[in-house]
Amino acid sequence: MKIRVAINGYGTIGKRVADAVLKQRDMILAGVTKTKPNFEANIAKSKGIKVYAASADKLKSFQDAGMDVSGTLEDLIRDCDVVVDCTPGKVGATYKPMYEKAGVKAVFQGGEKHDVAGFSFNAVCNYSEALGRDFVRVVSCNTTGLCRSLYALDRAFGVDKARVVLIRRGADPSEDKKGPINSILPDPVTIPSHHGPDVQKVLPHIGITTSAFAVPTTLMHVHWLNLELGKSASEGDVLSVLSSYRRIMLVSASEGVDSTSQIVEYARDLGRHRYDMPELVVFKESVKSFGRELYLTQAVHQESIVVPENIDAIRAMTRLCETAEESMKMTDESLGLGG
Ligand SMILES: NC(=O)c1ccc[n+]([C@@H]2O[C@H](COP(=O)([O-])OP(=O)(O)OC[C@H]3O[C@@H](n4cnc5c(N)ncnc54)[C@H](OP(=O)(O)O)[C@@H]3O)[C@@H](O)[C@H]2O)c1
């Protein structure tokens, strides 16, 4: 059986999820929506992707630009089993009534509130709870990164307490109107940032406090973690556990991968499309243990880390795969991610 997938919102996340869907042998990309006939719409069409106008009132701008579209979002969702909503934060919620009326399942992104779907998803943490659901929210890039490492460490040693500082990229590379451009911005200045409570939507038992700062970079986020484990673990124990999980990549400063710029260079040299790095990247030498107290530093490629999670969410909701391992293996192999 092949599941027909529509993408509403063909921006940073939407275009990557669309490309990932094209690589799945159990999915068909029904089409994508665009609000404007720009170069992204042209490239989508050149790849053979069906482009739909996001709404009827946008059709004229496509006609004026001489670009044929296959219809509107309403037409697209009549022709799919699942819609992956990749519209800007808070916009996805406004589409939920349309998805419900059309009787299609919908995957929302981390910019929506948990309540929009009533379930927040991360493949390794709670795949089985997403089986058959109509609405799922894939948590944000930062929350996805934290869920991956905290889940692995919690399963192995127990995580009694997590204190995390997030150094967030100010904007994505294409966002030339966003900042900060010369400031370090506590975001927010109060504690906790929303990330800790968001992790708890997926891993409710983890006692986590987060503080976040936005800085003038576009490449990646960096997280500094200070954890109190349930039992002592050496640095070797921790590295061995992290390396045994899918979608966690250990990099070594001694080999020169010691910054977000070097991670991007590494991704380029690996031949990754758009220099995407959907794995959570952990700096090996940052892992330091003092018995039950653990420190580590990890990096998150915000534009791509949630892409495999969206593919797994589709499989869980449509019951294409009954287990996380089965789906994650298929997804990772199709995207060329390490085993
Ligand atoms: N970027 C990240 O780092 C990141 C990471 C994880 C999760 N997320 C989440 O993923 C979601 C999408 O974020 P994004 O970064 O991909 O945003 P984005 O780059 O701004 O893309 C959103 C796209 O949605 C389209 N759009 C705008 N208004 C629309 C509407 N009313 N109806 C249909 N389409 C509309 C726009 O396409 P047009 O070009 O056609 O106008 C735009 O390109 C958000 O919830 C965000 O929080 C983002």
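What covers the buried residues of helix α1? The views below start there. This is a predicted model: local features need pLDDT of at least 70, side-chain atom pairs count only at pLDDT 80 or more, and totals for chains, interfaces and linings use all residues. Residues are numbered from 1 along each chain as its sequence is written.

**View 1. Helix α1 is largely enclosed by the rest of the structure.** Eight of the eleven residues in α1 (residues 12–22) are buried: Ile13, Gly14, Lys15, Arg16, Val17, Ala18, Ala20 and Val21. (Buried means 20 or more other C-beta atoms within 10 Å of the residue's own, exposed means 12 or fewer, and partly exposed is in between; C-beta atoms are placed from the backbone.) The cover over them includes β1 (3–8), β2 (27–34), α2 (39–46), β4 (82–85), α12 and α13. Helices (H or I, at least four residues) and strands (E, at least two) are DSSP runs, numbered from the N terminus.

**View 2. Here's Asn8, a buried residue in strand β1.** Asn8 has 26 other C-beta atoms within 10 Å, so it counts as buried. Leaving out residues up to four places away in sequence, Asn8 touches Thr33, Leu73, Val83, Asp85, Cys86, Thr87 and Tyr95. (Touching, or being in contact, means that the two C-beta atoms, placed from the backbone, lie within 7 Å.) Thr318 is 310 residues away along the chain, and its C-alpha atom is 18 Å from that of Asn8.

**View 3. Helix α11 (residues 260–269) has Thr260, Ile263 and Ala267 as its buried residues.** Look down the axis of α11 and these buried residues fall within an arc of 55°, so they line one face of the helix. (The arc is taken from the directions from the helix axis to the C-beta atoms.) They pack against β11 (221–229), β12 (248–251), β13 (280–283) and β15 (293–300). On the other side, Ser261, Arg268 and Asp269 are exposed. After α11 comes Gly271, with a positive phi near 85°.

**View 4. Helices α12 (residues 307–318) and α13 (residues 324–335) pack at an angle of about 140°, with their axes 9 Å apart.** (Axes are lines fitted to C-alpha atoms, for helices over the stretch in contact, and angles run from 0 to 180 degrees between N-to-C directions.) The two helices are therefore oblique to each other. (Under 35 degrees is roughly parallel, over 145 roughly antiparallel, 65 to 115 roughly perpendicular, and the rest oblique.) From α12, the contact uses Pro308, Ile311, Asp312, Arg315 and Ala316, and from α13, Ser327, Met328, Thr331, Asp332 and Leu335.
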